[in-house]
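Please examine the sequence and the structure before reading the points below.

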Amino acid sequence: MGQPVAGNPTQYMMEMAFADAGLDWRYLTMEVPPDRLADAMSGLRAMNFRGGNFTIPHKTSVIQYLDELSDAARLMGAVNCVNRVGDKLVGENTDGKGFVESLRTLVDPVGKKVTLLGAGGAARAIAIELALSGVVAMEIINRSVERGEQLAAQVRDNTNTSCEFKQWDGNYEVSEDADIVINATSIGLGDAQAQVPVAAESLQSNMIVADVIFNPPETQFLKMAQERGCSTLDGLGMLVNQGVIGFRIWTGVEPNAAVMREALEEYLEI
Ligand code: NDP
């Protein structure tokens with residue numbers, strides 16, 4: 001069995017997990033230009049790959065080369081994980097599932113009320129997956145109106161979760177009855193001092209506060225929530241869990257999530 005390769009955080013996490021599980025598998029990283037995606041997908045089929053992760057700019061365009069989609073991937077209009085089942089390629093989205101799996105370590109989302117900050121790719125994945133997991137009500141808070149309204153309508157029209165959009169203007173006051181508050185914006189990425197514009201006093205100690213930012217994982221937003229007595233979840237948990245889910249889908253084996261988190265922390269030097 002080869003030594004784990006450390007080309008990027010996800011590759012190192014997966015290769016360490018393969019080694020830990022005694023699997024002689026490889027997780028390769030390949031950069032494919034948008035106009036060569038069709039060729040890459042033919043290659044993936046021809047070389048009998050078990051599957052793969054897909055990232056920007058391929059998350060939507062890869063769909064045309066797949067045979068089937070999971071419900072979540074279809075609703076999100078985005079695939080980040082492909083699995084070969086027989087001779088079919090099936091598209092999944094594990095970003096939102098990774099978040100929900102991380103959330104479940106603290107609370108069951110069924111019947112909960114969620115405030116979601118952001119309406120980009122990460123927010124979309126989380127919103128759809130939380131709605132499919134039984135969240136009763138959600139409010140989407142976003143700076144730009146169009147993206148926020150579109151996501152709220154997508155949740156309302158396709159799931160049983162009630163969902164409204166509010167434009168983000170100044171310091172947002174979280175409603176008293178929110179159970180879970182999530183920063184799904186890119187505020188805090190690579191900047192440990194960045195402030196998410198949320199009124200600190202509107203966070204109550206019974207709320208669970210989560211952040212998608214994994215580098216650095218200790219964001220100002222989570223620090224503010226901890227000072228208010230909230231339980232918190234960092235973005236590393238989401239990243240580890242989307243890896244855990246991909247690992248399970250491809251190998252059928254349960255990976256060691258602690259080994260995966262350690263690998264990420266080692267790679268990111270945190
Ligand atoms: P997008 O570019 O698709 O969306 C960015 C979002 O952040 C938009 O809602 C945007 O609002 C909002 N935003 C950015 N800057 C500001 C600001 N100054 N004030 C208010 N809102 C702001 O990015 P993604 O959704 O793909 O990624 C978001 C973050 O999630 C990234 O940092 C990424 O690293 C992280 N991520 C983490 C994962 C994990 O596993 N932990 C998985 C996937 C992503 P607007 O629409 O107004 O522009």
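How do the residues of the shell around the ligand divide into nonpolar, polar and charged? In this predicted model, the shell has 9 nonpolar, 8 polar and 3 charged residues. The points below treat the ligand and then the nonpolar cores.

**Surroundings of the ligand**

- Among the 20 residues around the ligand, those that come nearest are Ala 119, Ala 122, Asn 142, Ser 144 and Val 212.
- Two elements, H5 and helix H8 (235–251), each give two or more residues to the shell around the ligand.
- The most is given by H8, which provides 3 residues.

**Backbone atoms and ligand oxygen**

- A polar backbone atom of Ala 122 is 2.8 Å from an oxygen atom of the ligand.
- For Ser 144, a polar backbone atom is 2.9 Å from an oxygen atom of the ligand.
- In Gly 120, a backbone N or O atom lies 3.4 Å from an oxygen atom of the ligand.
- On its own the ligand has 930 Å² of accessible area, of which the protein covers 76%.

**Nonpolar cores**

- The largest nonpolar core has 35 residues, and the members that touch the most others are Phe 99, Leu 116, Ile 126, Leu 130, Met 138, Ile 140 and Ile 182.
- Helix H5 (residues 121–132) supplies the largest share of this core, with 7 residues.
- Beyond its neighbours within four places in sequence, Ile 126 is in contact with Gly 96, Phe 99, Leu 116, Ile 182, Ala 184, Val 212 and Met 238.
- A second, separate core consists of 17 residues, including Leu 117, Ala 178, Val 196 and Leu 203.

Key
Residues numbered from 1 in each chain as written. Predicted model: local features only at pLDDT ≥ 70, side-chain atom pairs only at ≥ 80, totals over all residues. Heavy atoms only, no water. Core = buried A, V, L, I, M, F, W, Y, C linked by side-chain atoms within 4.5 Å. Buried < 20%, exposed > 50% of the residue type's maximum accessible area, 1.4 Å probe, protein only. Helix = DSSP H or I, 4+ residues; strand = E, 2+ residues; numbered from the N terminus. Contact = heavy atoms within 4.5 Å. Near = heavy atom within 4 Å. Polar contact = N/O pair within 3.5 Å; in protein donor to acceptor, adjacent residues only side chain to side chain. Areas by Shrake-Rupley, 256 points an atom, 1.4 Å probe, with all protein chains shown as cover. Nonpolar A, V, L, I, M, F, W, Y, C, P; charged D, E, K, R; others polar.
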